[in-house]
Amino acid sequence: MNYQLQCIECHSLYDPNEIIYTCPSCGGLLEVIYDLSAIDFRKTDECRSVWKYKALLPVNIKPVTIGEGGTPLYRTERLGEGMEVSEIFVKHEGLNPTGSFKDRGMTVGVTKAIELGMKTVACASTGNTSASLATYAAKAGIPAVVLLPGGKVALGKIAQALIHGAKVLNIHGNFDEALRLVREVCDEYGFYLLNSINPFRLEGQKTIAFEIVDELGWEVPDRVILPVGNAGNISAIYKGFKELKELGITDAIPKMTGIQAEGSRPVVDAIDRELAEIVPEANPETIATAIRIGDPVNAAKALRAIRESGGLAISVSDGEIVSAQRDLASVEGIGVEPASATSVAGLRKLVAEGLIDSDERIVCITTGNILKDPTEVVDVCAKPLEVDANIDAVRRAVFG
Ligand code: F0G
């Protein structure tokens with residue numbers, strides 16, 4: 001095996017077959033490190049997908065896959081009208097099999113669970129992780145247990161977890177409480193934890209970086225903007241860009257730019273106040289329920305990603321999120337759930353505040369599909385017109 005687990009704090013090394021999620025000696029977060037001199041990573045024209053990049057994925061068995069990755073990178077000229085930015089792209093992760101970027105992590109994470117001989121997988125979730133875990137567990141033929149913050153998960157996501165056969169627990173508490181609980185449950189009952197604290201899951205998600213560079217002709221954008229919740233994805237994507245640079249395939253790393261909701265912004269506060277650690281937010285609140293997280297478990301990795309890459313972190317209001325969501329849908333044909341729209345809302349705010357250079361080439365990540373949260377969509381849109389079943393009534397309705 002040409003990879004190991006390493007603590008990001010004390011740098012202790014561990015056998016990747018050990019079932020550990022944090023450093024047994026200091027409690028720090030773990031990451032997968034490779035002997036890059038032994039990696040045969042080639043630039044090819046092969047169709048993009050997570051498993052195209054298997055040379056840099058820590059799995060040795062046949063993957064549990066349903067066709068994840070290979071999502072489109074749209075050049076969004078109309079969205080950029082009026083904004084002084086050279087080029088804006090949107091990578092629509094909502095077009096993964098279960099409608100979010102989590103599938104990239106779960107194809108690797110659930111395959112790892114099988115490889116390690118684990119019998120049951122589990123997670124806490126604001127919704128998408130549970131939908132994805134339930135789906136990949138179904139494909140792998142193993143049971144999944146998911147803990148949700150009761151009453152705060154979008155309908156489409158609950159429906160997915162249920163139909164794919166997970167045991168779904170509505171916890172009377174928020175996501176941070178559900179995550180603490182599932183970690184205890186996994187320790188106690190030997191379930192395999194597939195939240196983003198699991199370093200193998202993040203390996204799948206780093207393929208977003210590989211695909212962006214691959215699609216841009218192996219060039220690196222100046223900045224990548226994405227929503228931050230539990231802070232795994234920004235850390236994973238940064239790691240992907242770093243590995244490409246270390247391999248000599250690219251020569252730069254984009255400025256990693258994280259966006260949080262105003263009512264749930266511990267990472268933004270830590271960056272603003274130059275804190276070494278985040279101060280958890282006890283009662284996070286936002287319409288973007290996917291990122292309603294006050295104590296992001298990967299904060300230490302995310303703060304490094306943002307600082308080392310020269311990036312930024314800002315927050316946006318629920319109103320700004322909804323307005324970006326509408327524009328993505330109505331101007332570019334990109335349907336996203338609210339959390340996903342934070343990337344574009346953040347871009348607009350950064351441009352308005354003069355924090356982005358006009359010659360930057362920017363990629364915004366939209367993380368989840370519009371169909372995830374039908375209730376929110378119906379709430380923020382005008383209602384359908386009620387019309388009698390005759391041509392006059394239809395004419396009046398259409399032409400006013
Ligand atoms: N966007 C969407 C649509 C999400 O579902 C999430 C996280 C994020 C962004 C933030 O990503 O946590 O890596 O910073 N959803 C998790 C879940 C927490 O349980 O589905 P992150």
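Reader: Before we start, where do the domain bounds come from?
Author: Domain bounds come from an automatic or database domain assignment, and by it the chain is divided into domain 1 (1-38), domain 2 (73-100 + 201-380) and domain 3 (101-198). This is a predicted model, in which local features need pLDDT of at least 70 and side-chain atom pairs count only at pLDDT 80 or more, while totals for chains, interfaces and linings use all residues. Residues are numbered from 1 along each chain as its sequence is written, and side-chain values use heavy atoms, with hydrogens and water left out.

Reader: OK, how far apart are the C-alpha centres of domain 1 and domain 2?
Author: Those centres lie 27 Å apart, and the contact (heavy atoms within 4.5 Å) takes eight residues from domain 1 and 11 residues from domain 2.

Reader: And what area is buried between domain 1 and domain 2?
Author: About 840 Å², of which carbon and sulfur atoms give 60%; buried area is the accessible area (1.4 Å probe) that two parts lose on being put together, summed over both. On the domain 1 side, Ile8, Leu29 and Leu36 supply 57% of the area buried against domain 2, more than any other three residues.

Reader: How many salt bridges across that interface?
Author: The rule, a side-chain nitrogen of Lys or Arg within 4 Å of a carboxyl oxygen of Asp or Glu, finds one between domain 1 and domain 2.

Reader: Switching topic, where is Val394 found?
Author: Val394 belongs to helix α13 (residues 391-399), helices being DSSP runs of H or I with at least four residues, numbered from the N terminus.

Definitions and conventions. Helix = DSSP H or I, 4+ residues; strand = E, 2+ residues; numbered from the N terminus.
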